Amino acid sequence: MIEIDVHTRDDGIGVVVPRGRLNMVAARQLKEVLADLVGSGTSRIVVDMAETTFLDSSGLGALIGGLKSARQAGGDLRIARPVPAVTTVFELTNLDRVLRARDDVETAFDD
Amino acid sequence: MTDGRLVLSAPAVPEVLEVVHTMLAQLWARADTWDQRDRTRFELAVIEVLGNVVEHAYAHDTESGRRFDITLVADDEHVVASLADNGLPVALDLSGVALPEDELAESGRGLALATAALDDLRYERVEGRNHWTLECRRGSAG
């Protein structure tokens, strides 16, 4: 099961925190959360993955879908603090270049 | 550890993925000397193949009540998942499975990921059932 916390910071950046496993079931929820954020005008999004314990291809698809819609809206989606199990999946798919992990949620949009 | 066989027979529905995650946690509790990277690549492959069974093998299936059986076995050097379902045949050439050329594709990575994560992935159609065998060897790059 997964819980997805969402909040928007004072600087307008949306922070999404998936807690649990991002598999096929959870990916649908994440996709909706990201679409809602971009749809409501928040196009700069950090996904804080410190408490995401598992990621599969459907979870990756949701992240990439969010990345594309954020960029289309003039923003970006960045990921922060992935655990080793999640980093392994980014490496296996060569997506570690497209979704370069940031060490910190606060500074994820500093560069 | 010398033996740790876990067996589940369940309906092929997305919600059952959580049950299989729990089974895998039980497997690792027994096979406690396996490291994180080996655990991750095996769990990923099992969930990808099972997700494929749930999503695709049944997409064109008009009958309800589809089920699958999964057996997980670990010894000191190998972990193996055997998965069987009673869905329609899968037209698949595993040797040709690749990551999508578009790196921003939102789907199409599942079996490529499973293939990359595993040391061996086999598919057979036997007596009206799809059989998948997934194997990881300890410490291998996948």
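**Reading V97(B) and its surroundings**

Q: Is V97(B) buried, exposed or partly exposed, and why?

A: V97(B) counts as partly exposed because it has 17 C-beta neighbours inside 10 Å. The general idea: a residue is buried with 20 or more other C-beta atoms within 10 Å of its own, exposed with 12 or fewer, and partly exposed in between, with C-beta atoms placed from the backbone. Keep in mind that this is a predicted model, where local features need pLDDT of at least 70, side-chain atom pairs count only at pLDDT 80 or more, and totals for chains, interfaces and linings use all residues. Residues are numbered from 1 along each chain as its sequence is written, and chains are lettered from A in the order in which they are written.

Q: Where is V97(B) found, and what does it touch?

A: Helices (H or I, at least four residues) and strands (E, at least two) are DSSP runs, numbered from the N terminus. V97(B) lies in the loop between β3 (78-85) and α3 (110-117) of chain B. Contact means C-beta atoms, placed from the backbone, within 7 Å. Leaving out residues up to four places away in sequence, V97(B) touches L111(B), A112(B) and T115(B).

Q: How many residues of chain B are in contact with chain A?

A: 25 residues of chain B are in contact with 23 residues of chain A. On the chain B side, α2(B) provides the largest share, 10 residues.

Q: What is L50(B) in contact with?

A: Skipping neighbours within four places in sequence, L50(B) is in contact with L17(B), V20(B) and L83(B).

Technical notes: Two residues are in contact if their C-beta atoms, placed from the backbone, lie within 7 Å.
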